[in-house]
Amino acid sequence: MPSSSQHKATVTAPSNIAFIKYWGARNLKRAVPVNRSISMTLRTCVSRCTAAWLPDRGKHVIELRNARGVLAPAPPAFAERIRSHLNFLRRWAGVGGHFHIATENSFPAAAGIASSASGFAALTLAVVTALDRRLSLEELSSLARLSGSGSAARSVAGGFVEWPVGFSDDACHARVLAPAKHWPLANVIAVVSSGPKGTSSLDGHRRARTSPYFRTRQRRLPARLEAVREAIAGRDFEQLGTVIEAEAVDLHCIAMTSVPPIFYWQPATLVVLETVRALRAEGVPAYATMDAGPNVHVICLPRVEKLIAERLAALPQVETVIRDRIGDGPAIETRHLF
Ligand code: DP6
């Protein structure tokens, strides 16, 4: 990784979509999951973050690009999560001083498109680079995870990513299963609601074990993980799609049967799911998955991406369609946000 100029660095880090989900934690504060997850790193849905280390400054400055395109002080809850990660990174690095952080997203935040994953991966990498530290992928993944956003541990790498490799704090990092060029899949995202979701993933993890289906899913996971690894290795789209759609429905069954229940789906979510099934019946290979939100990620081969995007955009229940692809992971930028 290149070194920073004058303790300032800018990084772009992508979001990712989980094929096998992280849902339920052994240690929620340190984001140590109950089960392994596998994701595909995206290319278009990214967070860009500039970090400047100011050894003599008295407090952190945290800015976010707002809807009017202006960098403004970040909302208090968001700023607090970032401040707490900055304080952790400062202790880890053994430095004093403070940071100036500016961040922007290429997509609506908190709408089930994992803005925390890309945001905390970008923040971690930008800070580490601004401090002139050189880290392995494993170390970066662990540091990003300790932001509390477990999925950020997968966003530091490109292609198909599995996390964790082990469940001890030391081994709780991601590894690349295959690079993006191995299988250039597309992800058409049907945004049915771009507002913030009602229940955070953090609360979802907390409640997961209260669902009677939690253990059932855990028992199914080893076979499911193996089926996804095998489908990726052999580029078997039908095998991949069948497993990831069932996995997404299981996650939402657990959410809906947790105490108290969480309903991330909206009527529009079901309309999109129905459309994906109709497309399949017409011979179009497409499978759906959803994170902790109402939006639907339709995984497909690039040759049918445009057709799927047009069909989804024509649904009155769909606000916008984002066309994304598998991507190569974070990149260091030369242009800073401030
Ligand atoms: C359903 O605790 O990583 O997306 O920090 O909000 O991104 P955020 O959530 P996190 O849980 C992710 C939950 C999930 C599944 C997944 O991405 O594995």
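Student: What is the handedness of the crossing of α7 and α8?

Tutor: A crossing is left-handed if the near helix is turned anticlockwise from the far one by less than a right angle, and right-handed if clockwise. Here α7 and α8 make a right-handed crossing. Before we go on, note that this is a predicted model, in which local features need pLDDT of at least 70 and side-chain atom pairs count only at pLDDT 80 or more, while totals for chains, interfaces and linings use all residues. Residues are numbered from 1 along each chain as its sequence is written, and side-chain values use heavy atoms, with hydrogens and water left out.

Student: At what angle do the axes of α7 and α8 cross?

Tutor: Axes are lines fitted to C-alpha atoms, for helices over the stretch in contact, and angles run from 0 to 180 degrees between N-to-C directions. Helices and strands themselves are DSSP runs (H or I, at least four residues, for helices; E, at least two, for strands), numbered from the N terminus. For α7 and α8 the crossing is at roughly 140°, and the axes come within 11 Å. That makes the two helices, α7 and α8, oblique; angles under 35 degrees count as roughly parallel, over 145 as roughly antiparallel, 65 to 115 as roughly perpendicular and the rest as oblique.

Student: Which residues make the contact between α7 and α8?

Tutor: Contact means heavy atoms within 4.5 Å. From α7 come V272, T275 and L279, and they meet L307, I308, R311 and L312 of α8. By class, five residues of this contact are nonpolar, one is polar and one is charged. Ala, Val, Leu, Ile, Met, Phe, Trp, Tyr, Cys and Pro count as nonpolar, Asp, Glu, Lys and Arg as charged, and the others, Gly among them, as polar.

Student: Is T275 buried or exposed?

Tutor: Buried means under 20% relative accessible area, exposed over 50%, and partly exposed in between (1.4 Å probe, protein chains only). T275 has a relative accessible area of 11%, so it is buried. Not counting residues up to four places away in sequence, T275 touches L312 and L315.

Student: Which residues of α8 are buried?

Tutor: In α8, residues 305-313, the buried ones are E305, I308, A309 and L312. They span an arc of only 100° around the axis, so they lie on the same side of α8; the arc is that of the directions from the helix axis to the C-beta atoms. Their cover includes α7 (267-281) and the strands β10 (186-191), β11 (286-289), β12 (296-300) and β13 (320-325).

Student: How far apart are the axes of α2 and α3?

Tutor: Helix α2 (residues 115-130) and helix α3 (residues 137-145) have axes 9 Å apart and pack at about 120°. Their orientation is therefore oblique, and α2 passes α3 in a right-handed crossing. A121, T124, L125 and V128 of α2 make the contact with L140, L143 and A144 of α3. In this contact of α2 with α3, six residues are nonpolar, one is polar and none is charged.

Student: What does T124 touch?

Tutor: Leaving aside neighbours within four places in sequence, T124 is in contact with H85, L89, L140, L143 and A144. T124 has a relative accessible area of 0%, so it is buried.

Student: Where does R36 lie?

Tutor: R36 is in the loop between β3 (32-33) and β4 (37-54). With a relative accessible area of 24%, R36 is partly exposed. Its C-alpha atom is 7.9 Å from that of L225, although R36 and L225 are 189 residues apart along the chain.
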